[in-house]
Amino acid sequence: PGEAPAFVELAANFKRLSDDAIELWAVDKQGGAHRIPARSRAPVANFSEREHFRVQLNPDTRGLFISDPVKSMVSGRWVVPVTYPVAAGSDFAMISAGIQLDRIVPPFEAQRMKPNGSITLIKMNGVTL
């Protein structure tokens, strides 16, 4: 997927429209994270121990998944990984989007009622994003 021209263009447009707040990764079945577009065939990180990878391997939890915030293995920034499985028969397990928290907080902060208002995103498991 990281080399298919149509998919690379889709990912580039998505990144541009998000003002670079979201980066997409193609993740292979071993958890290797590949840049889109791929600069090489080698993964730049391994997500195999991360929850957002493991849920896509289990038929009972496979599907759109929003992870708890984690530190990016590539940038070191806090991100909320959102994953979606790739169709069976592919060499890849999922597509992962890392939403950079420091990039999405300012627009919420601008809308917050000052001085004591808050805007909070809470996952169904109670984790505050």
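Helices, of at least four residues, and strands, of at least two, are DSSP runs numbered from the N terminus. With that numbering, Pro115 belongs to the segment after α3. The model under view is a predicted one.

**First stop: the segment after α3.** Select Lys114 and Pro115, which are joined by a cis peptide bond with omega of about 5 degrees. Then select Leu121, which is also placed in the segment after α3.

The volume of the largest pocket is about 310 Å³. Its lining comprises 15 residues, and those closest to the centre are Leu101, Ile104, Phe108, Leu121 and Leu129. Next, colour β6 (78–85) and α3 (101–111), each of which supplies at least two lining residues. Which element gives the most to this lining? It is α3, with five residues. By class, the lining of the largest pocket holds eleven nonpolar, two polar and two charged residues.

Select Trp25, Ser72, Ser75, Val79 and Gly98, which lie nearest the centre of the second largest pocket among its 18 lining residues. The space in this pocket is about 230 Å³. At least two lining residues come from each of β1 (22–28), β5 (70–71), β6 and β7 (92–100). The largest share is that of β7, with four residues. Eight nonpolar, six polar and four charged residues make up the lining of the second largest pocket.

Move to Pro37, in the loop between β2 (32–35) and β3 (45–46). The bond joining Ile36 and Pro37 is a cis peptide bond, with omega of about 0 degrees.

**Last stop: the loop between α1 and β1.** Select Asp19, in the loop between α1 (5–17) and β1, and then Asp20, which lies in the loop between α1 and β1. Phi is positive in Asp19, near 55 degrees, and positive in Asp20, near 65 degrees. Asp19 counts as exposed because its relative accessibility is 53% and the exposed class begins over 50%. Asp20, at 40% relative accessible area, is partly exposed.

How values were computed: Residues are numbered from 1 along each chain as its sequence is written. This is a predicted model: local features need pLDDT of at least 70, side-chain atom pairs count only at pLDDT 80 or more; totals for chains, interfaces and linings use all residues. Side-chain values use heavy atoms; hydrogens and water are left out. On a 1 Å grid over the protein atoms alone, a cavity is a set of points where a 1.4 Å probe fits but cannot get out, and a pocket is an open set with protein on both sides within 12 Å along at least five of seven lines; lining residues have an atom within 4 Å of a point. Grid points are joined across faces, edges and corners, and a volume is the space filled by probe spheres set on the points. Ala, Val, Leu, Ile, Met, Phe, Trp, Tyr, Cys and Pro count as nonpolar, Asp, Glu, Lys and Arg as charged, and the others, Gly among them, as polar. Buried means under 20% relative accessible area, exposed over 50%, partly exposed in between (1.4 Å probe, protein chains only).
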